[in-house]
Amino acid sequence: MKQSIALFLVFTSAYAFGQSITISPNNVEKHISFLASDELKGRGTGTKDEQKAAQYIAGYFNELGLQPKGTNGFEQPFKANLDTIHVLDARNVVGYLDNGADRTIVIGAHYDHLGEGYQRGSLDPDAKGKIHNGADDNASGVAGVLELARYYAKNGVKENHNFLFICFSAEELGLIGSKYFANNPTIDLSKVNFMLNFDMIGRFDPTKPITIGGWGTSPTWGQVIPPVMEREKMAFKIDSSGAGASDHTSFYTKRIPVLFYFTGVHSDYHRPSDDIALINFAGEAQILNAVTATVNALDKLPNRLEYRETAMPMARNASFKVTMGLLLDYSFNGPGIKVDGVSKGRPAEHAGIKGGDLILRLGNYTLNTIYDYMGALGKYEKGQTIDAEIQRSNEKLTVKVTF
């Protein structure tokens, strides 16, 4: 009898400890300080330094007791095209917490950055040879994934969902890693209830709202998140689109509800000055504690979340009078632009354009790159009708597009 009581006390004590676990600012700092150190030289896609980051993430997943869910242990290798000539060996890092549930939550962030300025994307006019540490973009998001993995692996609670924690490579080259996973999943995507993505969550300013994207992808977000954020005394603003310039887009196109947490663009974005000293570790921990409260509330809901399609976002800093309603494959290297998805009721759908099509020409403008496409859009007015040349499999088509 005494032995039974003792075992009961041990169990309840462990459970109580698990219940009190919170996100640690010290752990956030530890992860970012390693990932954004000069030692890793900016984690350029396919470099040995990015491999060190992958090994660090895999080692932490292993330490937490997560199951490897790559195709080579925790790693899921894939090829990433830097351009039409150079092909890089890259890898996603994937860990799984199996709670024996029917539904799964995916929590992700990209761990690649711009390296030493030789890969594309730097906004420094003299980038080559300069380490782009990417402390906010996106060591901060990876630290978030690692801390959430620790929370759910060690909280002493068996949730009603399984968890897939995944750190993507080649995001900076066009969401290549997340798209590769979404097209080659190591779990059954039909069982994924929703996906959370963290990209640049390290610059939290309590006087400003954080952005929560993907709001329109499920009506449940508007029911669950506001009470949590009010309780946490955190201001937020919403972005309804399920698509954007980060990895949640790859899951949204698979008809999975998504959320995207983001503390905003700053003057250090894609520059060598995005460094550790500028990170608000306590602020990131506050965001992540709000995320756990949100996930815990969602975990208690009896039914799967309802997915809703949203409008496609316009390109940043673009000032077009017209739009086609396309989601593009930014990793495609031409000629032409590749369509990933088409928004309902927009000119592209009315013209019969479909996901997987290559658009080779709009009116008189030949399209070899995304920039050609944006330049062409700027030439047209609402109400105009033009011819568009489409490559669909082995067939070339001409369709009428009315803006």
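How many bridges join β7 to strand β9 (residues 258-262)? There are 3, and the two strands run antiparallel.

## Ground rules

This is a predicted model, where local features need pLDDT of at least 70 and side-chain atom pairs count only at pLDDT 80 or more, while totals for chains, interfaces and linings use all residues. Residues are numbered from 1 along each chain as its sequence is written, and side-chain values use heavy atoms, with hydrogens and water left out.

Helices (H or I, at least four residues) and strands (E, at least two) are DSSP runs, numbered from the N terminus.

Pairing here takes at least two bridges found by DSSP between two strands. On the β8 side, I210 stands opposite F236; on the β9 side, T211 stands opposite F262. To get from β7 to β8 the chain passes through helix α6 (residues 220-231), and this β-α-β crossover is right-handed (with the strands pointing away from the viewer, the path from the first strand over the helix to the second runs clockwise).

In a regular strand, side chains alternate between the two faces of the sheet. Buried means under 20% relative accessible area, exposed means over 50%, and partly exposed is in between, using a 1.4 Å probe and protein chains only.

## Helix α2 against α3

Helix α2 (residues 25-35) and helix α3 (residues 48-63) have axes that come within 10 Å and cross at roughly 150 degrees. That makes α2 roughly antiparallel to α3. The axes are lines fitted to C-alpha atoms, for helices over the stretch in contact, with angles from 0 to 180 degrees between N-to-C directions; under 35 degrees counts as roughly parallel, over 145 as roughly antiparallel, 65 to 115 as roughly perpendicular and the rest as oblique.

From α2, the residues N27, K30, H31, F34 and L35 meet K52, A53, Y56 and Y60 of α3. Contact means heavy atoms within 4.5 Å. Sorted by class, this contact has 5 nonpolar, 2 polar and 2 charged residues (Ala, Val, Leu, Ile, Met, Phe, Trp, Tyr, Cys and Pro count as nonpolar, Asp, Glu, Lys and Arg as charged, and the others, Gly among them, as polar).

## Two buried helix residues

V28 is also in α2, and at 0% relative accessibility it counts as buried. Leaving aside neighbours within four places in sequence, V28 is in contact with I23, A143, E147, F281, E284 and L288. V28 and V145 are 117 residues apart in sequence, yet 9.9 Å apart in space, C-alpha to C-alpha.

Over in helix α8 (residues 281-299) sits T292, buried at 5% relative accessibility.

Most residues other than glycine have a negative phi, and most peptide bonds are trans. A few spots here go the other way. K41, in the loop between α2 and α3, has a positive phi near 50 degrees and is partly exposed at 36% relative accessible area. A170, in the loop between β5 (161-168) and α5 (176-183), has a positive phi near 60 degrees, but A170 is buried at 0%.

A cis peptide bond joins D137 and N138, with omega about 5 degrees. N138 lies in helix α4 (residues 135-154).
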